[in-house]
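This report covers selected local features of one protein chain.

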Amino acid sequence: MLWLALHLPRLPLDVFERAAPLPGPAVVVAGDGRTVALPNAAAARHGVTPGQKLSAALALVPDLETRTRDPSAEQQALESLALWAEQFTPTLHLQPPDGLLLEIGGCLRLFGGLEALAARARDGLAELGFDATLASAPTPAGALLLARNGLDSLVTELPALRSRLRMLPLDGLDAEATVLLSLARLGARTVDDVLRLPREGLARRFGQALLDGLDRALGHRPDPRAPFVPPARFHNRLVLPAPVPAVEPLLFGLRRLAAELCGFLAGRQEGATRLQLRLEHEDHPPTDLRLELAMPSRDAAHLMVLAREHLSRLALPGPVEAFGLALEESAQLAPRSLSFLAEPGSGAESRAALVERLRARLGRDAVHGLALVPEHRPELAHRVAEPGTPAASLHHAPRPLWLLATPRPLAAGPQGPRLDGPLALLDGPERIESGWWDEGDVRRDYFVARDNSRARLWIYREIGPGPGERWYLQGLFA
């Protein structure tokens, strides 16, 4: 087996900056409210360090912005990250407060090897807004120790892992501070120093847990771990550092949510067909937007184009404090067969993307298709349908693309129908008699005609009682 550990050393700060970067010097304060847990880059440039008293940090930076550490948000971020990481492997383990383990031994060939998989994971983590250290090892505890000690290394064999772990400093062990202090007083400086001490004496003095942890990391003992059980649907939410009155600043964090969603979908070989974007306001009910896709997709760039189009038409009732993205419906994504020659239907994805963008900009009801129905009366021979619905012709006779909403009466003279002059009849008649069963009975003779400007028209002569011929214009040919 081979494990990849993801260590997020700045997770307490990342959860506050994923929606939008904090604008100036800022720190995350520990739960006691008096100690700096983590400064951002701007605060660190002023000399603020982890573990520093908040009063000392405020003396250095009077306008320092503070956020109280939020363990629940950090746990939620780990779970969301696990959903994204399912695109690499279905076997994942959360390692709170700041780690994630992936069993990748069976999927290396799929991603082109360990280095290619690790590079892809690094790029994805950066896109999601996480500062991470990655390390691989044949044992899960060994991979975690390497990553949490900042050793961004890819180890695949047990002898190499044991050599690396023996060189770790003592404070790199996952043990209580009192135990590490006592070991240091005994002269131990590295893991190798600890391993040289008598095991029985170590167990009696410091407990068996210390030795068991080392044995699991070195591969001397089994290391079973509880797997992560993902939810059936994706949903995540980001809180903005400060309320924003416009939609444009939302796109920064929304891009990260879209990337998380696409990783979740990739692990299931699915594409999104309906999403819900919720904008939360302080003094108003939430604003919900529904994003519907003509074809299943897990392309983050495409989803962002749709979201931008929807948001551009939105009038916000008030500043946005937080926003969330939820997957409402998905479908299996059909595998794509690549060919040197274009195949029939190969442009379906681009047509679907065009329909989605038009609907996002103009509204769903403004963009639709037409489908033919088995009806001889032309004005009733079609219905509104989803774009792309097959429109096989029911008639062999020519039909115009444009039908008038109401047939237009034409003048008639001794030489036939007229429209700004006499019309030349090119084809016809085609007799249509129908509708006797629904009180919409018609009896017409249809002709293809040409006017003085050489435009082709579709006209008909009404057959019925009464003097003279009654002619009508019903359609125009392209």
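R454 sits in the loop that runs between β17 (442-450) and β18 (456-462). The model is a predicted one. In it, R454 has a phi near 70°, a positive value in a residue other than glycine. The relative accessibility of R454 is 59%, and because exposed means over 50%, R454 counts as exposed.

D420 also has a positive phi, about 55°, although D420 is not a glycine. This residue is placed in the loop between β15 (416-418) and β16. With a relative accessible area of 72%, D420 is exposed.

## Cis peptide bonds

The bond from P96 to P97 is a cis peptide bond, with omega near 10°. P97 belongs to the loop between β5 (92-95) and β6 (99-103).

A cis peptide bond is also found from G428 to P429, where omega is near 5°. P429 is part of a strand, β16, which spans residues 424-434.

H281 lies in strand β9, made up of residues 270-281. Is H281 buried or exposed? Its relative accessibility is 8%, and because the limit for buried is under 20%, H281 counts as buried.

The side chain of H281 has polar partners in the backbone. The backbone oxygen of G318 is reached at 3.0 Å, and the backbone oxygen of P319 lies 3.2 Å from a polar atom of the H281 side chain. Leaving aside residues up to four places away in sequence, H281 touches P286 and T287, and also L316, P317, G318, P319, V320 and E321.

## Helices α4 and α12

Two packed helices are described by the angle between their axes and the distance between the axes. For helix α4 (residues 71-85) and helix α12 (residues 250-268), the axes come within 6 Å and cross at roughly 50°. This angle makes α4 oblique to α12.

Which residues make the contact? From α4 they are S80, L83 and W84, and from α12 they are A259, E260, G263 and F264. Sorted by class, the contact of α4 with α12 has four nonpolar, two polar and one charged residues.

Conventions
Residues numbered from 1 in each chain as written. Predicted model: local features only at pLDDT ≥ 70, side-chain atom pairs only at ≥ 80, totals over all residues. Heavy atoms only, no water. Helix = DSSP H or I, 4+ residues; strand = E, 2+ residues; numbered from the N terminus. Buried < 20%, exposed > 50% of the residue type's maximum accessible area, 1.4 Å probe, protein only. Polar contact = N/O pair within 3.5 Å; in protein donor to acceptor, adjacent residues only side chain to side chain. Contact = heavy atoms within 4.5 Å. Axes fitted to C-alpha atoms, helices over the stretch in contact; angles between N-to-C directions. Parallel < 35°, antiparallel > 145°, perpendicular 65-115°, else oblique. Nonpolar A, V, L, I, M, F, W, Y, C, P; charged D, E, K, R; others polar.
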